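Biologist: Thanks for joining me with this model open. Shall we go through it together, one question at a time?

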Amino acid sequence: MVKIKIDGVEYEVDEKKNLIDATKEVGVEIPYFCYHPALSIVGMCRMCLIEIEGVPRLQAACNTPVKEGMGIITKSDRVKEARAGTMEFLLANHPLDCPVCDKAGECRLQDNAFGSGSGHSRFKFEKRNIPQEEIGTNLIINHNRCIVCYRCVRFEEEKVGESNLGLFERGNHSIIGLAKSEPINHNYQGALADICPVGALLNNKTLFKSRVWWYKSHKSVCHGCSTGCNVTTNVRDNKMYRYMVRENFEQGMFFLCDKGRFDLDWMNENRLFSYMENGKNSTSQVVISKIIDRLKEAKSIAVLGGAHESNETLETLKQNLSSLSQALGGKSIQWETRVTDAQNKETEQVDFLLTKDNHPNTKGAIDLGLTTPSGISGIVSAVKQGSVDLVILIKESIPEGIDPNKVICFDTNLTDAAKNASLVAPIQIFCEAEGSFTNKNGLRQNFEKSMNPIQGLLTSAGVVELILGTMAKKMEVSVGNR
């Protein structure tokens, strides 16, 4: 840490950061467009100009390192005039289409125009008009809104490892466009739209879905794989609309892949809200009673899955299953959360964020000891041999070789497993309660409750608790009738 002066006030800041990040930590905002903490610094937008004591010319804060004893001025008339000039230049050709732009409400151009702009334009000529293009399988570019910050080009080259975009022409004719004949088809088209500081890059999947100020936002963790990227959920009318990146400087989390970002429809559609028996809707009273009968009849029970559940749900579920085993006279209940090959191996990356393990909490389940020496193959063999004759499946597919008639399924959606299993109980999705996931590196991260479950819908742990409660009531009734 070093001491510097910002507008005459002394602060202690991190000397490893540049001026934009260092001043932001102490509550002083320096406006910018092209800078991004995880990308190379190019200083293209000239929005972050500041004065440094002893230096005659204005300097870009993004490429100025912090030094002990330095003094900077961020609010002088000279700095304000420079920023107003930059904004006037950027807005000369920018269309006034905020009312129809999807970026409105979270646009840096809007924020900086309001904070540093002059309030009127001297540009009297006709603005340039370049047709909008589809440049990806889920990516649109509006050239008229682009301010040529070069963020998208740098992100692709430095993070994705591809060079699909480039800067073409010069001066007033400069545009960002495709450098290849094929459209962009990688796993980070959502990230390209996300890092664009204006509404130039947009995704088809979220286009015109909702205004950002209509959302209720909560801190969460992406469910798409074992990386555990930090996200902000955007919920409206109790439906999940978007995942947006929640930057985490300490863990170096600044981006989100398309696999996690757009895998949201299952939270809103095809949900399982009814107890089921042999593929047909039933009631909790009937299904729970039959689950109890099946549990009593079984010689040995196996539980499969659970790595989509939070640590808190798994901890409670582990305790409840232990109580259930005692209630069944000490009957064996073995639990294996590793149901895929990727869960049984060291972490394998698909790209720089996405892993092959599509479970967000495999590490948390392993840390709780929810594994067996023989693994999933051993349990499947035991079911075939008859030594295990009942399987409780928690939000997973029925493994090949297991008779669906031997399966009791806990699921959030009307999946093939729910349609084929003998008995089915609906459960909450993870974001209908607060909790935590443990990522591939062993980092335990909390998430907030984003959506409200329908009345009566329980967690997987809650279903087992309901089973225990029903068994206790039946025991009381049987004792009272003697």
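Biologist: Let's begin inside. Which residues is Leu201 in contact with, leaving aside its neighbours within four places in sequence?
Modeller: Happy to start there, and keep in mind that this is a predicted model. Leu201 belongs to the largest nonpolar core and is one of the residues that touch the most other members. With neighbours within four places in sequence left aside, its contacts are Ile135, Leu139, Ile140, Ile141, Cys152, Leu192, Ala193 and Cys196.

Biologist: How many residues are in the largest nonpolar core?
Modeller: Phe155, Tyr243 and Met267 join Leu201 as the members that touch the most others. Elements giving two or more residues to this core include helix 2 (77-91), strand 7 (139-141), helix 4 (151-160) and helix 5 (189-195). Apart from it lies another core of 31 residues, with Ile288, Leu324, Ala425 and Ala461 among them. The largest core itself has 57 residues.

Biologist: Which strands stand at the edges of the open sheet of three strands?
Modeller: The strand order is 11-12-13, with antiparallel pairing. On average, neighbouring strands are turned by 30° against each other, direction ignored.

Biologist: On to helix packing: is helix 2 parallel, perpendicular or oblique to helix 3?
Modeller: The axes of helix 2 and helix 3 (residues 108-116) come within 9 Å and cross at roughly 135°. The crossing is left-handed. Where they meet, helix 2 brings Arg83, Ala84, Met87 and Leu91, while helix 3 brings Leu109, Asn112, Ala113 and Ser116. Angles over 145 degrees would count as roughly antiparallel and 65 to 115 as roughly perpendicular, so helix 2 is oblique to helix 3.

Biologist: Which residues make up the uncovered face of strand 22?
Modeller: In a regular strand, side chains alternate between the two faces of the sheet. Strand 22 (residues 444-447) has Gln445 and Phe447 on its covered face. The uncovered face holds Arg444 and Asn446.

Biologist: Which residue has a positive phi in the turn of the hairpin formed by strand 21 and strand 22?
Modeller: Strand 21 (residues 435-438) runs antiparallel to strand 22, and four bridges join the two. Ser436 stands opposite Asn446 in this pairing. Five residues lie between the strands, and the one in the turn with phi of about 85° is Gly442.

Biologist: Is Arg46 buried, partly exposed or exposed?
Modeller: Arg46 is found in the loop between helix 1 (19-25) and strand 3 (49-52). Its phi is positive, about 60°, although it is not a glycine. Buried needs under 20% relative accessible area and exposed over 50%. At 37%, Arg46 is therefore partly exposed.

Biologist: What is the relative accessibility of Tyr150?
Modeller: Tyr150 lies in the loop between strand 7 and helix 4. Tyr150 is also a residue other than glycine with a positive phi, near 75°. Tyr150 counts as partly exposed, with a relative accessibility of 23%.

Biologist: Finally, what percentage of the residues in the protein is buried?
Modeller: The protein has 13 helices and 22 strands, and its C-alpha trace spans about 95 × 50 × 40 Å along the principal axes. Of the 482 residues, the buried share is 52%.

Technical notes
Residues are numbered from 1 along each chain as its sequence is written. This is a predicted model: local features need pLDDT of at least 70, side-chain atom pairs count only at pLDDT 80 or more; totals for chains, interfaces and linings use all residues. Side-chain values use heavy atoms; hydrogens and water are left out. A nonpolar core is a set of buried Ala, Val, Leu, Ile, Met, Phe, Trp, Tyr and Cys residues joined through side-chain atoms within 4.5 Å. Buried means under 20% relative accessible area, exposed over 50%, partly exposed in between (1.4 Å probe, protein chains only). Contact means heavy atoms within 4.5 Å. Two strands pair if DSSP finds at least two bridges between them. Axes are lines fitted to C-alpha atoms, for helices over the stretch in contact, and angles run from 0 to 180 degrees between N-to-C directions. Angles under 35 degrees count as roughly parallel, over 145 as roughly antiparallel, 65 to 115 as roughly perpendicular and the rest as oblique. A crossing is left-handed if the near helix is turned anticlockwise from the far one by less than a right angle, and right-handed if clockwise.
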